[in-house]
Amino acid sequence: MSTAVQTRTREPRIILNMLESRVPHLVTDVDVSDLWEREVRLLLRDGVAVRSLAERILGQGIAYLITAMENPGVDMGVGYTVDLGVHQLILDTPLYFALCEEYNDGKYKHHAPLIERRRDGTVMRTADLIRKNGFDVDDELWSVNASDCSPCDNKVPDSH
């Protein structure tokens, strides 16, 4: 007799919207339904041309940031496309602080990018780590820039 194995997939939209009680003014200020919608609209406003792509980028950005916060000191990096979602979340500072509070033990997770990109396989290793951390990985978004990582400086304490 076999036993069914239940897997847990972490859903970025649910994760983001669970933070709403910490930053309710962000939703009511712009008259959107939830934090997910707010961040998608900001990506669309700032250059992502297609809604479905903005949602994919945002989801992968959330998965990356939470994985980085839950795995301190692990060498990680994203390609340009996913980095759009990462930067969107960091730029919305009240929301980013709420993410740090929830997933980084209340400490601010620094973002200290290096100028030179790395081409050493970090992007796909990061995608694998995100998958192991319980998130679905959008392989197309990760592989499109797989050879062009935008890493952070490991000399900056608690940075990603």
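Is aspartate 31 buried or exposed? At 67% relative accessibility, aspartate 31 counts as exposed. The legends below take up this residue and several others.

The model is predicted, so local features need pLDDT of at least 70, side-chain atom pairs count only at pLDDT 80 or more, and totals for chains, interfaces and linings use all residues. Residues are numbered from 1 along each chain as its sequence is written, and side-chain values use heavy atoms, with hydrogens and water left out.

**View 1. Aspartate 31 and aspartate 105, each with a positive phi.** Most residues other than glycine have a negative phi. Aspartate 31 is not a glycine, yet its phi is positive, about 55°. Aspartate 31 sits in the loop between helix 2 (24–30) and helix 3. Helices (H or I, at least four residues) and strands (E, at least two) are DSSP runs, numbered from the N terminus. Aspartate 105 also shows a positive phi of about 55° and is not a glycine. Its place is the loop between helix 6 and helix 7. Aspartate 105 counts as exposed, at 71% relative accessibility. Buried means under 20% relative accessible area, exposed over 50%, and partly exposed in between (1.4 Å probe, protein chains only).

**View 2. The crossing of helix 3 and helix 4.** The axes of helix 3 (residues 35–45) and helix 4 (residues 51–70) come within 9 Å and cross at roughly 115°. Axes are lines fitted to C-alpha atoms, for helices over the stretch in contact; angles run from 0 to 180 degrees between N-to-C directions. The crossing is right-handed. A crossing is right-handed if the near helix is turned clockwise from the far one by less than a right angle, and left-handed if anticlockwise. Helix 3 contributes Trp36, Glu37, Glu39, Val40, Leu43 and Leu44 to the contact. Helix 4 contributes Arg51, Ala54, Glu55, Ile57, Leu58, Gly59 and Ile62. Contact means heavy atoms within 4.5 Å. The contact residues divide into eight nonpolar, one polar and four charged. Ala, Val, Leu, Ile, Met, Phe, Trp, Tyr, Cys and Pro count as nonpolar, Asp, Glu, Lys and Arg as charged, and the others, Gly among them, as polar.

**View 3. The aromatic cluster of Tyr96, Phe97 and Tyr108.** The structure holds two aromatic pairs. Tyrosine 96 and tyrosine 108 pair edge-to-face, 5.5 Å centre to centre, with 90° between the planes. Tyrosine 96 lies in helix 6 (residues 93–103) and tyrosine 108 in the loop between helix 6 and helix 7 (122–132), so this pair ties together parts twelve residues apart in sequence. Tyrosine 96 is buried, with a relative accessible area of 0%. Tyrosine 108 is partly exposed, at 33%. The rings of phenylalanine 97 and tyrosine 108 have centres 5.2 Å apart and planes at 40°, so the pair is tilted. Rings of Phe, Tyr and Trp (its six-membered ring) pair if their centres lie within 6.5 Å; planes under 30 degrees apart count as stacked, over 60 as edge-to-face and the rest as tilted.

**View 4. Aspartate 92 and its contacts.** Aspartate 92 is in the loop between helix 5 (80–91) and helix 6. Aspartate 92 counts as buried, at 6% relative accessibility. Residues up to four places away in sequence aside, aspartate 92 touches Leu26, Arg38, Glu39 and Leu42.

**View 5. Valine 156, after strand 2.** Valine 156 lies in the segment after strand 2 (150–151). Valine 156 is partly exposed, with a relative accessible area of 27%. Beyond its neighbours within four places in sequence, valine 156 is in contact with His110 and Ala112.
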